[in-house]
Every structure is written in structure tokens, then in C-alpha cells.
Amino acid sequence: MSAKANILAKLRKSLEGTAPVADDYDVDLVTRPWSYPAAERISRLRQLMEAVHTETHLTTAADWPALLEKLLADKQLPSLLIAPSTAHGAQLAAHFAGREGLPRLKAYDRPVEEWKAELFDDTPASLTGTLGAIAATGSLILWPTREEPRLMSLVPPVHFALLKASEVYDNFHEVQQKQRWAAGMPTNALLVSGPSKTADIEQVLAYGAHGPKDLVVLILEDA
Amino acid sequence: MNSQARIPAVELSSRDLKHNAHNALGDAQLRGNMRKAMDSLMAKRLASMPDEYEREHLREMGNHVRARALSRLPELLERLEANLTRNGVKVHWAETTEEANRIVLEIAERHQAKQVIKGKSMVSEEMEMNHFLERHGIEALESDMGEYIIQLDHEKPTHIIMPAIHKNARQVADLFHDRLGEPYTEDVDALIQTGRRVLRKKFLEADIGVSGVNFAVAETGTLLLVENEGNGRMSTTVPPVHIAVTGIEKVVENLRDVVPLLSLLTRSALGQGITTYVNMISGPRKADELDGPQEVHLVLLDNGRSQAFADGELRQTLNCIRCGACMNHCPVYTRIGGQAYGTVYPGPIGKIISPHLMGLENTPDHPSASSLCGACGEVCPVKIPIPSLLRRLREENVKAPDDPHKVMRGQGSKYSPRERLLWKGWRLLNRSPWLYRVFGFFATRLRGLTPSNLGPWTQNHSAPKPAARSLHELAREHLEGK
Ligand code: SF4
């Protein structure tokens, strides 16, 4: 018999004559303590994210490219990885078009194998969208796509993320239900709640362990 | 031991728990490091769960979610496999660690892999995967900072969440200086940046990434991993092949089941409302995607778990979500550190799971290495009754070898005919009034002959001595005198 058949046979034998435990999942318990008035959602999200070293900025759907331009200059970032075929990627490209002296915009337009070394060694920052955020835990929701692949939010040391204020949910349970996650998950879905960190040495917190050292969230208040 | 001395990096055997514990107790540096870390972890946990109603009801719910999954485990494993397969993930089954290692090796050989980079995975520790791969000419490097540190020092993890918690910054500074030739610094940020630099290069080069799994969701065919560092994401995203290894008990029924478990896990473990990354992997890179592994494999390992599963009471051991809270609160673990146990899983959870994984014959003293203070059971987020399971294992441990009720491997490893005889005599004595009286008479009259050395008992206590007259006799005299 195969390992699978053996294991399943043993498990089945142990369960003979028993009934499955009933499903008494208590939705209230995972939602009620984690619900917020609409006006508080953003402030809670910002407070939690900033507590773990995330930078957050309030801006608008029209103004964020200019804000991002300023942040890139402040942080002296020479280039930015973007997804030009997304709406926000196109908006930023249009904002930068034809102007001199701005950081270079790079497109993630080839399979990673073709430019892995460059991605790791010469890509200081990136910009991605999000699928919203969770106020309860201060988390961004990311579902990488073909246009905006997985490594964009992981390898560059600075990650800028765009978040629409209208897409901040109360808690993880609510997001799963409202966005109907169980009906079809992407190859990779993520909750990101700050820049990479570790406390493995003497419990001293250090940021930038493997992933981004800086996470900057631009919150679009009118979107 | 002076405070500068390094903690011995040796292969400690699980059979020598008493001896190891004795040595560990003499290591002032270790005790200091552990005390400091555990105090802080306990405080953080409590601060993150201040509402007693929410905490206690959520623990109850966590217990129900896990119990429900186990009550239909075979069906859920099949559903998980079907959904993962539909998503393009290859699922493998292994009864033993040897089989699991073979599966990993076959995949590695098919890809002519030379370098494997590993995210944190306790199951891969169970498998001793690093050594196995290295024996076959494949470098296996740990990428979790704590795991990397102890791998550099040829040690085993001391804690399931914080593998290098027994070391302080000075010890890590020495290590990086000696092994990596880095300039000496005790600055934790600088030390982490050194680790980042070394490991980034490895992520780039590795042929295969290995990870564990925190929860495997049957409903959607999703492997969920939680971590703070990003090394787990790197290991599962950058190399062309990702192999996840997990125990068969990690499956949950639905995606929503993850919500209470995740909240319990991160708060119980580190006092964090959530970890930096919650990574949900449901398949390899699709044809039109630009990154992510081309192949994803899942190895489902039994390794003694189906044995624990067979007994309704011991099955509760498999509810564990590996948060480590029981260790952080255990007075024994805090004093001796994780390595003294000589097992992959130390502390209270180790004492109830290791006998199933390794047999009681290899963990004879583990069920007894507890004061039964109950702290582990009180903090366990999924309400595993650890103290009563320890008592149960103690019973299995002293069963006669010919006891027909065979529950687990190595059962009866502490069986002693002499002890059994003594208890039989004790029972007889207490059930027969005349024998009891005769015994009482001699015990009191010959009290001068009581030995003053009663082995371990008299190391810390004065030897018991019967009174000159038994209570029965005194009572009788008293009543007759009236
Ligand atoms: S036994 Fe309970 S407290 Fe201990 S690691 Fe497992 S889930 Fe956590």
C-alpha cells in the first residue's frame, strides 16, 4: 500500500464509530470586537501601521503622483519599479512623462529569471496597488497579478503602496466574506502589516530583515 | 560556568534529559538569557489579549475549530489534496521522515539542485533535512535569522518561534565575527544587516526553496504561512521550485477557520496582533505570470501523528498550532532552555508530542519533567489539556511490557518490576486491616531503623520517620482512657 493509503486507513480506523464535531463557528466573536465606526477605520489603520514603522500619508486620487515624486526625492531614490499597465502605473508614468531630472521609472515587464540580479541589486524602490486594508490589525491586502508580480512588494528595499480609503475593511473575516475569497484564491495572496522585521537577537526589534526596510502607504481619501 | 562561556553546541540526546537539565542549570548565562526573554514574552502576550471574555471565548473557539478539523481529518486531507492538485500543486505523502527526505531529494535531483534555501519549518527539523541533503551534496541553508544563527553555530533550535532566544547579542557578535569574518559589533541592527546581506545572495542563487506550513486550508487548497522577516516569502517566491513540508494535522476545513486561529497564534506567540506577513499560497506561477515558483510541492508527513490520533484523549496533542506560549510560561523550560530536552519540540508541547514522534523509549523522562503547575494548559490558545496528557503519558510509561492495551511506541519504558511490586504491596497493605495494623506496629516500633538516605528525595528533604505510635493507636488509647 502507498503511504497515502496507509495513513488514511489508519486515520479512518481511529475514527470508526465517531461523529464529526459540529461546526459552531462564532462569527460574532471574530467580528464584533474588531468593528469600528467608519470615521475611525483610517485612523486605527494608520496608528497600528505607524507603530510598526510604516510611513502613511493622506492624499487624493489626483495628488498622489506629486506626493510620491516628493517622497522619492526626499529619500533620494534614483529609480522606481512600477507596473505600467495598471491604472496607477499609467497615471504615474503620465505624471513623469517628458520631465527631466526625475527618478527613472522601471517596468516589471519580463519574467524574473531574465533580470533577477538587477531586481535584487539595482531596484531600490517599488510602487504597487492594494486590494484594500484591514483596520483591526493594520494590514494591507495584496493579490499580486501578472501586471504587478509577487516580488514587487518584497525585494526592493522601499515599498510604496496605494490604498483607497473606501477599501479599508474592519477585520479579516469581513474581507474574506465581502471579497468572496473562498470562491477563488489567486496563486498568492498576502496580508502585509509593516516593513520586514525580526526580534531574533535578544528580542531587540530590527527592521529590514529580508524584505523592504521601508513601507510607505499613500491613502487616497477620495477613492 | 562563567558568563562569557558559550553554551555548549552539542547533539544532546533526548534520553539524557536529566543529565542535560543538570548541566543547563549550571549555566548562568543561559538562565539569565532565558529568564529575560520569557518574562518579556509573557508580558507581551497578556498585553495583546487584555479582554478576558474575548480571550477565553476565542480559545474555546480555537479548540473547536481544531477539534472539528481532526474529527474529519481523512476527508479534509483528501479535499486538500484535490484542491491543491487542481491549483497545480503536487502533493506527496510520507509515513516516515526517511520517506519525506527521499521525496525532497528526488525533486532536488530532478532539478539538479545544488542549493536549497529554507524558511522556518519545524517539520524539516523533525526530518533533519539539512543533514540529509548535505549528505547528498546539496547545501541547505536556513534563512530565518534565528535559525541561521544557530545553524552557523551547529546548534539546534531552542524554541519553536525564537530558535536563538538562548543567545544574547554578544554571543551572536562573537559568532558573526568568528564564522563570517565580520567586524565585531554588538549592534543588533548591524548584525541583522549582515545576515540580510549574506542571505539575499543565497535567495538569488538557490534552486529550491523549502518552507513549513502554519495552516493548510482544505476548502481552497491554500497553504498559509505567517512570519515577520520576509524570509518565508523569499524562500517560497524567488527559487524556481518551492517545497512545503508539513504534518498531516495542520489542515483546517475552511478559509474562515483561519481567522480565529491566526489571531490566537500571533498574539499567543509574540503578543503581536498579526505578523508582518501572512502569506497564502494556492499554486505555482501561472503561464502568464512573471514570477513565483514554476513548481510547488507539498509533503504531508505522518511520523507518529496517526498514532497520537488513534487515542481520543492523546489526539488533542494534534490541536497544537505551534505558538510556543506553553514554553514561555513553563517554569521548567525557562530554567533549562530548549536544548536540554534533546528533541525538536521542547517544553510542554514537546513533552506531549515528542513521545509520539520518537517513541516513549527515546523520551522516557519527558512526561515527568513537569511540575504540573498547570501554566501550559492555562495559556494554550487551543486549550490542549497538557497537564492531564502528561499524566496520561506517565501512565503509559509505566505499563507492563505485556500489557495488552498497546497505545504507543515505547510504552512501558519506565516499567520497573520492583516498583510495581512495591505498589502491589502497598495496595495489599491498605486493603487488609490486620496487615495494616501489623505493619503499623512494626513501622512505629522499629522507627529507629528507617534509612536516612532515600535517594533523590533526601537530596532536598529530610527523611520521613514514622511517629512513635500510630494515629490509630493514639486514638484508641485516648478513647480507652476516657
Ligand atoms: S501546545 Fe498550545 S501553547 Fe503549546 S505550542 Fe501548541 S498551541 Fe501553543
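Predicted model: local features only at pLDDT ≥ 70, side-chain atom pairs only at ≥ 80, totals over all residues.
Biologist: What makes Glu95(B) and Lys10(A) a salt bridge?

Modeller: Their closest N and O atoms are 3.6 Å apart. The cut-off is 4 Å between a Lys or Arg side-chain nitrogen and an Asp or Glu carboxyl oxygen, so the pair qualifies.

Biologist: How many salt bridges are there between chain B and chain A?

Modeller: The count is nine.

Biologist: Why are strand β9 of chain A and strand β9 of chain B called paired?

Modeller: Pairing needs at least two bridges, and residues 188–192 of chain A and residues 277–281 of chain B have five, so the term applies. The sense is antiparallel, and Val192(A) has Tyr277(B) as its bridge partner.

Biologist: How do you describe the way helix α1 of chain A and helix α4 of chain B pack?

Modeller: Packed helices are described by an angle and a distance between axes. Here the axes come within 8 Å and cross at roughly 145°. Residues including Leu8(A) and Leu11(A) in α1(A) meet a set in α4(B) with Leu73(B) and Leu77(B) among them. The contact divides into six nonpolar, no polar and five charged residues.

Biologist: And what is the extent of the whole contact, in residues and buried area?

Modeller: Chain B gives 98 residues and chain A gives 74. Together they bury about 7,600 Å², with 60% of that on carbon and sulfur atoms.

Key:
Residues numbered from 1 in each chain as written. Chains lettered and ligands numbered in written order. Heavy atoms only, no water. Contact = heavy atoms within 4.5 Å. Buried area = accessible area lost by both parts, 1.4 Å probe. Helix = DSSP H or I, 4+ residues; strand = E, 2+ residues; numbered from the N terminus. Axes fitted to C-alpha atoms, helices over the stretch in contact; angles between N-to-C directions. Nonpolar A, V, L, I, M, F, W, Y, C, P; charged D, E, K, R; others polar.
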